[in-house]
Amino acid sequence: VVPLRVQAAGGYSSLPFRRHSRFSAAAWASLEGPILDVWNVRFLLIPRRFPGPSYRGVSFDVGLPLFDGARPGQSARLPFSIPEVQAQEVLLVSALRRGADLPQGTLVGAILLTDEQGAQQRLPILAGVHTAEAAYDREDVRPVVRHEKPTVADIVRGTDPAGKPYPSYVYFATIPLPKAATVQRVAFESTLPSGSLEVYGLGLGRDGAQVYEVRPYYTAKYRPVYSDEEVTIYENQSTLPRAFLAPRAAFLPDGPAVLARLSSPDFDPLAEVLLEEPVGVSTEGDLRAGQASSAEERGIRNKEQGGGGGQESRASGRSPGSAVIREYRDLSVLVETEAQESAFLFLGDSYYPGWRAYVDGRETGIYRANYLFRAVSVPAGRHEVEFLFQPESFAVGLWISGATVGFLVLVLAGMRLIPRA
């Protein structure tokens with residue numbers, strides 16, 4: 001796709017910047033969150049063959065769980081929509097975190113299967129039967145474990161708080177359905193009062209063979225639009241525009257705090273942008289405290305008073321105005337905004353030194369927004385916002401080149417004035 005100039009979220013470089021790598025890892029770890037939406041990712045190209053390990057035909061990735069009961073927004077249920085699959089049993093790959101003290105047979109969660117008629121079957125997940133504590137044999141955990149160890153599907157190297165390595169287990173279990181069903185929907189439910197149930201892989205089996213795997217992107221958010229023997233393409237139905245207006249900003253102390261907030265499914269990127277510097281002071285140095293717009297001031301007050309916006313704002317579609325990209329080039333981007341009140345223009349391009357922003361020809365500051373991107377403050381009304389790549393190194397190089405040319409001209413002119421012998 002490089003010759004076609006198709007943009008890839010991760011870029012095409014084999015040496016990505018550290019922030020890009022962290023942002024990409026957070027996006028894959030939180031597919032139900034808004035990170036990919038903010039990144040303007042519309043399509044996911046997924047290899048048909050899962051790259052991770054597998055057990056009894058069920059692929060899994062401990063770094064990308066299907067379900068994490070401790071993650072915000074997943075403490076109750078997380079549904080997956082799948083094609084109609086006839087199943088007699090469920091093949092489960094999972095583990096418990098901080099659940100060593102759970103007695104044998106404790107109900108830690110459930111798998112809910114819905115058939116084509118809407119009828120639902122609930123399959124319990126029991127400690128010591130279907131799953132167990134991942135750190136089962138860690139020195140400080142083993143004496144307090146109160147349940148048995150089921151079939152081990154994989155062993156991952158873990159490290160305790162003292163830095164000492166220990167085996168971290170991933171478990172496998174087969175759970176028969178009360179009756180065979182044509183499954184259309186799968187959901188997980190966690191019932192743990194503390195700790196977490198992590199599901200890494202799940203397959204639907206029939207006649208002793210695994211026939212269908214549930215993947216992290218089989219939720220209602222992602223719609224399959226193409227498939228062949230090598231790859232399946234899913235469309236992200238929640239992606240956001242490359243440029244949009246948000247009514248306010250929130251200041252968080254550092255990048256990890258911003259990334260954690262972005263990973264939360266209840267974060268609404270249309271309600272606010274997340275900044276890593278106090279509003280009114282940009283790294284470009286041309287917005288100072290005291291020059292903040294009313295949108296900026298409202299953003300600070302809203303954050304201090306515990307305000308937000310969340311899904312309610314995003315679902316209701318309220319927006320301070322519109323932002324339309326009129327020109328998009330490698331070294332410049334022109335955006336037209338129209339707002340009823342002052343707001344923040346978010347642009348889903350990487351924040352990088354050398355980019356400058358101009359509102360109606362007047363330079364303004366660029367903020368690092370939502371961990372990786374750019375934002376500028378725009379007043380109410382209709383305006384043109386232009387982003388230009390004008391690094392200082394280019395100006396210095398231009399000055400040096402000009403000085404060099406001038407020096408050569410003087411030298412040549414001086415040589416012509418020297419009389420010949």
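## Confidence in the model

pLDDT is the predictor's confidence in each residue, on a scale from 0 to 100. For this protein chain the mean pLDDT is 82, and 78% of the residues reach 70 or more. Over residues 72–76, though, the pLDDT is below 50, and this stretch has 13 contacts (heavy atoms within 4.5 Å) beyond near neighbours in sequence. Residues 281–313 also stay under 50, with 65 contacts in the model beyond four places in sequence. Where pLDDT is low, the predicted coordinates should not be read in detail.

This is a predicted model, in which local features need pLDDT of at least 70 and side-chain atom pairs count only at pLDDT 80 or more, while totals for chains, interfaces and linings use all residues. Residues are numbered from 1 along each chain as its sequence is written, and side-chain values use heavy atoms, leaving out hydrogens and water.

## Two helices side by side

Helices here are DSSP runs of H or I with at least four residues, strands are runs of E with at least two, and both are numbered from the N terminus. Helix 1 (residues 18–29) packs against helix 3 (residues 255–262) at an angle of about 25°, with the axes 10 Å apart. Axes are lines fitted to C-alpha atoms, for helices over the stretch in contact, and angles run from 0 to 180 degrees between N-to-C directions. The two helices are therefore roughly parallel to each other (an angle under 35 degrees).

Who makes the contact? Helix 1 brings Arg19, Arg22, Phe23 and Ala26, while helix 3 brings Gly255, Leu259 and Leu262.

Next comes an open, antiparallel sheet of three strands in the order 1-13-12; strands count as paired if DSSP finds at least two bridges between them. Strand 1 (43–47) and strand 12 (222–227) are at the edges with a single partner strand each, so one side of each has no neighbour in the sheet. From one strand to the next, the twist averages 30°.

Strand 1 runs antiparallel to strand 13 (residues 231–236), and five bridges join them. Here phenylalanine 43 stands opposite glutamate 235 of strand 13.

Another open sheet has five strands, ordered 17-18-24-20-21, with antiparallel pairing. Its edges are strand 17 (321–328) and strand 21 (362–364); each has a single partner strand, so one side of each is left without a neighbour in the sheet. Here too, the twist averages 30° from one strand to the next.

Strand 20 (residues 355–359) pairs with strand 21 over three bridges in the antiparallel sense. Alanine 357 stands opposite threonine 364 in strand 21.

Terms used: Parallel < 35°, antiparallel > 145°, perpendicular 65-115°, else oblique.
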